[in-house]
Amino acid sequence: MSNKRMTMTVVAAAAGAGAALLLRRRVRRSPTAPRAPEPAPVPGELSLLVTAHERIADGVALLRLEGPGLPRWTPGAHLDLVLPSGLVRQYSLCGDPADTSCYTVATRLVADGRGGSREVHEQVRVGTELRVRGPRNRFPLVEAASYGFVAGGIGITPLLPMVRSLPEGTRWRLLYGGRSRASMPFLAELAELDPDGDRITVVAEDEDGLPDLDGFLTGRPADTEVYCCGPEPMMAAVAERMPAGRAPHLERFAPRGAAGGGEFEVELRRTGQVLTVRPGTSILTAVRAELPRTPYSCEQGWCGTCQQRVLAGEIDHRDELLTDAERGDSMLICVSRARGERLVLDM
């Protein structure tokens with residue numbers, strides 16, 4: 001090959017490499033890419049392999065995650081999934097707690113959501129490795145003589161393992177509502193748990209309208225523990241129908257969020273800055289405007305990435321993660337707010 005042809009070949013190869021690098025940079029900077037930074041690994045985090053990705057109902061995908069030495073879990077527990085983009089999302093475990101070979105979760109596609117469910121449905125595949133945190137259980141099944149379960153749509157996921165785990169002879173009933181039977185996962189599994197058809201009531205709105213909460217909850221034995229997971233209006237309706245002095249066990253799809261509440265100030269003790277947090281704006285947003293490297297991920301009060309120590313002030317906790325002990329002197333600044341006019345953070 002002549003020196004001239006060799007030079008042209010090298011230049012072309014370099015140009016191709018440069019174009020590929022530019023393309024990668026453009027993809028990374030695409031406005032459609034999630035803006036959350038990838039969280040750093042944390043102690044106890046597992047790397048698991050997706051070995052099944054199945055469509056089990058309209059808009060519902062089931063993932064099976066496998067890996068060595070999986071920690072045991074109890075009904076009501078959930079996992080934090082660190083998605084390939086770095087987003088962190090929480091999903092209830094819906095498999096068999098006795099099966100230590102895998103974890104099973106299911107998620108419904110939310111087309112107008114924040115991107116996590118779409119990533120699970122469209123980008124996670126068999127063979128994808130996912131970082132997983134947990135399991136953690138903030139929705140434990142307490143011992144009782146009688147149970148009433150109310151599920152709305154994908155809210156069946158934490159309740160299914162509970163029903164599976166009940167000892168023989170336990171009194172229980174389940175009311176399961178959804179938009180249509182085609183959109184309701186695990187109907188076949190539930191039918192196997194209730195072969196006589198006298199414990200489980202399935203209500204598809206396109207066929208039967210809304211579930212009859214009054215008929216289901218009225219006359220329940222006084223020792224009945226009621227568990228509910230579903231849309232916020234359903235859970236509020238269940239709580240309203242509980243007897244005086246009794247409250248249901250609730251598992252929310254999302255925390256209350258940072259909206260609502262008045263204006264207050266946040267002092268950052270280490271930097272000396274005093275920030276104003278206005279109604280509808282989170283502390284995280286106000287802090288990141290001044291300290292853009294402040295870590296965060298889910299912005300929903302679930303993952304704990306934005307947890308900060310509170311030195312002074314009364315906290316309006318709105319997360320679904322911190323323990324009672326942790327709430328004494330720390331908060332998740334993505335959703336929680338001040339009850340008074342001022343908070344002081346150790347930042």
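Predicted model: local features only at pLDDT ≥ 70, side-chain atom pairs only at ≥ 80, totals over all residues.
Strands E12 and E13 pair in the antiparallel sense over five bridges. In general, the strands of a sheet are joined through backbone hydrogen bonds, and their pairing may be parallel or antiparallel.

Five strands form an open sheet with mixed pairing, and their order is E13-E12-E18-E14-E16. E13 and E16 stand at the edges, and each has a single partner strand, so one side of each is left without a neighbour in the sheet. Neighbouring strands of this sheet are turned by 40° against each other on average, direction ignored.

A helix accompanies this sheet. H8 packs on the sheet and touches E12, E13, E16 and E18, while its direction makes about 140° with that of E13. Which residues of helix H8 are buried? Helix H8 covers residues 283–290, and its buried residues are Ile-283, Leu-284, Ala-286 and Val-287. Seen down the axis of H8, these buried residues fall within an arc of 165°, so they line one face of the helix. The buried residues of H8 pack against strands E12 (264–268), E13 (273–277), E16 (330–332), E17 (337–338) and E18 (342–345).

Another set of pairings involves strand E6, residues 129–136. Strand E1 (residues 46–57) pairs with E6 in the antiparallel sense over four bridges. Within E6, Leu-130 is the bridge partner of Leu-48. Strand E3 (residues 78–82) and E6 also pair in the antiparallel sense, over four bridges. Here Val-82 stands opposite Arg-131 in E6.

Attention now turns to a single residue, Thr-224. Thr-224 is found in strand E10, which spans residues 224–229. Is Thr-224 buried or exposed? With a relative accessible area of 3%, Thr-224 is buried, because the limit for a buried residue is under 20%. A polar atom of the Thr-224 side chain lies 3.0 Å from the backbone oxygen of Pro-221. Leaving aside its neighbours within four places in sequence, Thr-224 is in contact with Ser-146, Tyr-147, Gly-148 and Arg-246.

How many disulfides does a search of the whole structure find? The search finds zero. For Cys-228, the closest cysteine sulfur is that of Cys-229, at 7.1 Å, which is too far for a bond because a disulfide requires sulfur atoms within 2.5 Å. Cys-228 is buried, with a relative accessible area of 0%. The sulfur of Cys-306 is 3.7 Å from the closest cysteine sulfur, in Cys-334, and this distance is likewise too far for a bond. Cys-306 counts as buried at 4% relative accessibility.

These details may finally be placed within the whole chain. The secondary structure of the protein chain comes to nine helices and 18 strands. Of the 347 residues in the protein chain, 44% are buried. Among contacts in the protein chain with a separation of 6 or more, 65% are accounted for by residues 24 or more positions apart.

How values were computed
Residues numbered from 1 in each chain as written. Heavy atoms only, no water. Helix = DSSP H or I, 4+ residues; strand = E, 2+ residues; numbered from the N terminus. Buried < 20%, exposed > 50% of the residue type's maximum accessible area, 1.4 Å probe, protein only. Polar contact = N/O pair within 3.5 Å; in protein donor to acceptor, adjacent residues only side chain to side chain. Contact = heavy atoms within 4.5 Å. Pairing = 2+ DSSP bridges. Arc of directions from axis to C-beta. Axes fitted to C-alpha atoms, helices over the stretch in contact; angles between N-to-C directions.
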